[in-house]
Amino acid sequence: MRAAGHAWFSEARAGLLGHIPRNGTRQSALIERAATSKQAVQQLLDGLEAEGVLERLPDPRDGRGKLVRYTRKGLDALRDGDRIKLQIERSYIDRIGEQRFAALMDALRSLDAGQGDASGEAPASK
């Protein structure tokens, strides 16, 4: 991402951005999704807002709440990230083939969904 011109990009920031839908979200929902401290999320948001990647606006449904949404700069970075991700996926497919890549993605989705055994088989009894 840095090579694509996004000097502000870091692993910590990427971790937070992954919890923000393209159409934005409430800041309180983001804090819950990020599973980190309110202060850490606030600090990352402050930096991303200062870089012009995100903006925080009053929530029209709740005057105390804030909406977090991407700016044009942030959406451009997401598009570049999508392109880079597809390049990486293509290189993996070239190395391990379509079927093994599909199996890898299924296993990763299972892990992300919190399923204990990604193989689809019942766990062995003790």
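Predicted model: local features only at pLDDT ≥ 70, side-chain atom pairs only at ≥ 80, totals over all residues.

Student: Okay, how many residues does helix 3 have, and how far does it reach?
Tutor: Helix 3 covers residues 38-50, which is 13 residues. From the first C-alpha to the last it reaches 18 Å, close to the 18 Å expected at 1.5 Å a residue.

Student: Which residues of helix 3 are buried?
Tutor: Those are Val41, Leu45, Gly47 and Leu48. Looking down the axis of helix 3, you would see these buried residues fall within an arc of 165°, so they line one face.

Student: Why do residues three or four places apart point the same way?
Tutor: An α-helix has 3.6 residues a turn, so residues at that spacing point the same way.

Student: And what do the buried residues of helix 3 pack against?
Tutor: They pack against helix 1 (11-17), helix 2 (27-34), strand 2 (54-59) and strand 3 (62-70).

Student: Which exposed residues are on the face turned away from the buried side?
Tutor: That face of helix 3 carries Gln39, Gln43 and Ala50.

Student: What follows helix 3?
Tutor: Gly52 does, and its phi is positive, near 80°.

Student: New topic: how many salt bridges does the structure hold?
Tutor: There are 12 salt bridges. One of them pairs Arg56 with Asp46, with the closest N and O atoms 2.6 Å apart. Arg56 is in strand 2 and Asp46 in helix 3, so this pair ties together parts that are 10 residues apart in sequence.

Student: Is Arg56 buried or exposed?
Tutor: Arg56 is buried, at a relative accessible area of 16%.

Student: What about Glu89, which residue does its side chain meet in a salt bridge?
Tutor: The side chain of Glu89 meets that of Lys85, at 3.1 Å from N to O. Both lie in helix 4 (residues 72-96), 4 residues apart, or about one turn of the helix. Glu89 counts as buried at 16% relative accessibility, while Lys85 is partly exposed at 46%.

Student: Nice. Which residues do salt bridges with shared partners join into one network?
Tutor: Arg26, Asp59, Arg61, Asp62 and Arg64 are joined that way. Within that group, Asp62 forms a salt bridge with Arg64, the closest N and O atoms being 3.5 Å apart. Arg64 counts as exposed, with 78% relative accessibility.

Terms used: Residues numbered from 1 in each chain as written. Heavy atoms only, no water. Helix = DSSP H or I, 4+ residues; strand = E, 2+ residues; numbered from the N terminus. Expected span 1.5 Å × (residues − 1). Buried < 20%, exposed > 50% of the residue type's maximum accessible area, 1.4 Å probe, protein only. Arc of directions from axis to C-beta. Contact = heavy atoms within 4.5 Å. Salt bridge = Lys/Arg side-chain N within 4 Å of Asp/Glu carboxyl O.
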